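Visitor: I am new to this structure and would like to learn how to read it. Could you walk me through a few features, one at a time?

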Amino acid sequence: MDKLLTTGFRRLICYCLLTCGAGCGAAHASADQADTGPAVAAAADLKFVLPEIAQAFERASGRKLRLSFGSSGVFARQILQGAPFELFFSADESYVELLQRAHRTMDAGKLYALGRLVLFIPNGSPIQADRNLGDLAAAARDGRLKHLSIANPEHAPYGRAAREALQRAGVWEALQGKLVLGENVAQAAQFAASGSAQAGILPLALARAPEFAERGAFTTLPENWHAPLRQRMVLMQGAGETAQRFYAYMQTPAVRTILSNHGFALPEP
Amino acid sequence: MATIAAGLSVTLRQRKPVPLECTLDCAPGELLALVGPSGSGKSTVLRCIAGLHRPSQGRVECGRASWLDRERGIALLPQHRRVGMVFQNYSLLPHLSAQDNVALALWQLPPGQRAAQAREWLARVHLHGLERQFPAQLSGGQQQRVALARALARTMTVTDEPAVLLLDEPFSAVDQVTRRKLQQELARLRRELSIPIVLVTHDLDEARMLADRMVLLHHGVSLQSGPPEEVMTRPANAAIAHLVGLGNLFEGIVGGPDANGKLVLEWLGRRLEVARNPGFAQGDKVNWVIPPEGILLHRSDRPSRGEAENPVSGRVVDCVVLGPYTQIMLRPESDQGKLPLTFSVPTHVAQRNRVAVGSVARITLLAQAIHLMRWEDSGRGERR
Amino acid sequence: MDWPALTLSLQLAAATTLLLLPLAILLARPLAWSRFAGKGLVEALVALPLVLPPTVLGFYLLLALGEHSAPGRLYHALTGRTLVFSFDGLLLASLVFNLPFAVQPIQRAFDAIPRGSREAAWCCGLSAWRTLWRVELPLAWPGLLSAIVLTFAHTLGEFGVVLMVGGNIAGETRTVAISIYDRVQSFDESGAAAMSALLVAISFAAIGTLNVLTRRIGRDGHDRV
């Protein structure tokens, strides 16, 4: 061994070789994805229902999926920038139309559910669960309501719907300055459930989930207070067989039942 | 280990960052001292020879090899010149042992040979047994020896390339006792070397001790070169006399030859005999110097023969005991406000002759030691 | 505990460190020892990721690596996939946002090497490359170690840029930090807590090891045992 290398320098070489060994795997990391299933982008309101459906699909077909949840608008933007999702579950069909116009999709997609909004009151909150949102304005005035969480109306369909509902109830102006915007409905739900916000306007599908049950109470808002949440799914260009199979699986009666159980209204098949 | 006889020839000129206007030569086996006060550019000159600094104009040639020639666009990197450099602060690599530091200069050899030769060079500088020590564990003197061994290993191992040994104030960072020892060792070691050696120092005594020839550098200009004794006792002009520390600098007028045909110097009404005439004519105004060694104190109790040469009597104005030597300043008689003569005698001599401030003393100015220079009106013609 | 995410994070950190180290050495050397026009500008550019919000970095990286950019198109031609939202794109982004963490410690370490040491090596006949390998790197090695540890730990913890440039694709760009974010949103607090604790432990171990090793090396550059 060349005597000109000191012990410390030799250690440095070893450290480098270790990181080298670990890093070499990285080059193949991307290549390995082929056998762990297609990437699926799903609106965050499906956070509790879609994994259940995906598990059933896996058991039935032996094929895996990689699910990512987030805001529909964010996913649409990412897909436009080339994100490799093969299947997109949007909470609003306008985003699907956007992608179709940009020639990213295989076709126009299919309606899979109709969404509903609820007013969610976490445990311990002084707000009344009033389906007409009557208490909200009063609470904002007398200081009981410090924060109301909704998803960001700019890119989350449920956030847009929440804004419409609040405007329809005439309380939107009173609530300015008290709104907390979640990046997607799951984050908005987390704000409300943790008690950081005294109330939240959230998807019914999230509020009905068992994980939510003990955390508070909710009341469903009138359907006509917002433009319908027409949730559309679509296969992207170049989607593989697994994605196509899942797309078909979503339309089976079994899945429709699951969706219905979670609070989604179903469109005509 | 003989190397081909290749002399060093250097010409440098630049204005910034350090002004240089320097010419020097060093023959193989010769030790040339580059002397000057701080800031005179000596280290820069050395770095130009080594290739660590590129002057705006100049030439550096060693034997037939042209290391630097700005006009022809040649400027070899330090690694392509065979230069052994001993730095002022040793510049030993702290992560290598003494042996490995020396072996660094032998990197072209196979590993086995490298280690053996490195040990040999360390033994040559009397560091046998310390090969495995790291620089932090060695004293200043030992570190400098390692540095010297490394420089020697670089220059002496290959015999078919011209090489130069450069030392940049190598002994200034060690204590005096160590310095003396190192100087003695260098004096002994260099007898075996047949390459040019350039030593930078601000210490005139060191130059006198070690060098065959010296070059005096001031503000980057090489003022005078020659054997140290010559430069320091026979400076070319008053400015150089200041630089080499000759304090006894006076003005005089050349007189006609005396009865013995010797040249006479008229000074303060006295007629001094001067042994050597560098070419002045009668009536020329000159500056003249006499080194302290050229002044002898007369015995106060009785006169003795041989003290009739250039006698001067005067009053002692200062008498400083500096250990074994006493420095005496004597104001010559009939000297109104002129500057005194400075010389030193062993302290016991001063005591025996009862030299004290205010007392009268007689001295002899040796004719051999008086050196005449062209007169320059620098406003500092006569000084302390 | 999201093991695939952890593996991915470790792979990203290791690959970034491995690739960035030689680049950082190449960049740090002239910054430490040369004077050249625009040196201040280069130093400022290198330091930029330290002060820029990750979203700004992410925004510009999306532009630079996106589908319509030259690198994006080249990558697509070679592999058929997009550079953004892929591990390789994340790796490139990681090289950029880790630049100051790698370059600055190495530059400081090079700066601390006395000029005389390098000059002595040159006068011994060592070429610039040999001097780098035998003299400069051994003497700078605490700085190199610092750069390695900081880059590794910082990559493990990066969130904003990863989210913007990588998205949140399991097995490809879902790092531990993203996974924790995901878990919190899924009300899986125990999962988030477990992964967070693990990240803290890894970072702590990395910094601790760094401190111990650099103290043992001392200022001389060789081991004090």
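Visitor: How many bridges pair strand 3 of chain A with strand 10 of chain A, and in which sense?

Guide: A general idea to start with: strands of a sheet pair through backbone hydrogen bonds, either parallel or antiparallel. In this predicted model, strand 3 (residues 85-89) and strand 10 (residues 229-235) of chain A are antiparallel partners, joined over three bridges. For one contact to look at, find A:Phe89, whose bridge partner in strand 10 of chain A is A:Met233.

Visitor: In what order do the five strands of that open sheet in chain A lie?

Guide: The order is 2-1-3-10-4, and the pairing is mixed. Strand 2 (66-70) and strand 4 (110-115) of chain A each have a single partner strand, so these edge strands have one side without a neighbour in the sheet. From one strand to the next, the twist averages 25°.

Visitor: Which strands of chain A does helix 3 of chain A lie across?

Guide: Helix 3 (residues 72-80) of chain A lies across strand 1 (39-43), strand 2 and strand 3 of that chain, and runs at about 155° to strand 3 of chain A.

Visitor: Now for chain B. What is the strand order in its open sheet of five strands?

Guide: There you can read 14-13-12-15-21, with antiparallel pairing. The edges are strand 14 (270-274) and strand 21 (371-374) of chain B; each has a single partner strand, so one side of each lacks a neighbour in the sheet. Here the twist averages 45° from one strand to the next. Further in, strand 12 (residues 249-255) and strand 15 (residues 285-289) of chain B run antiparallel and are joined by five bridges.

Visitor: Which residues of helix 3 of chain C are buried?

Guide: Look for C:Leu57, C:Gly58, C:Leu61, C:Leu62 and C:Leu65. They lie on the same side of helix 3 of chain C because they cover an arc of only 135° around the axis. C:Thr55 and C:Leu63, on the other side of this helix, are exposed. The cover over the buried residues includes helix 2 (39-51), helix 4 (70-79), helix 5 (87-97) and helix 10 (160-166) of chain C.

Visitor: And which residues touch the most other members of the largest nonpolar core?

Guide: In soluble globular proteins, nonpolar side chains tend to be buried together. The largest nonpolar core here has 259 residues, and those touching the most other members are A:Leu87, B:Leu32, B:Leu34, B:Val102, B:Leu166 and C:Ile106. Helix 1 (residues 3-33) of chain C gives the largest share of this core, twelve residues.

Notes
Residues numbered from 1 in each chain as written. Chains lettered and ligands numbered in written order. Predicted model: local features only at pLDDT ≥ 70, side-chain atom pairs only at ≥ 80, totals over all residues. Pairing = 2+ DSSP bridges. Helix = DSSP H or I, 4+ residues; strand = E, 2+ residues; numbered from the N terminus. Axes fitted to C-alpha atoms, helices over the stretch in contact; angles between N-to-C directions. Buried ≥ 20, exposed ≤ 12 C-beta atoms within 10 Å, placed from the backbone. Arc of directions from axis to C-beta. Contact = placed C-beta atoms within 7 Å. Core = buried A, V, L, I, M, F, W, Y, C linked by C-beta atoms within 7 Å.
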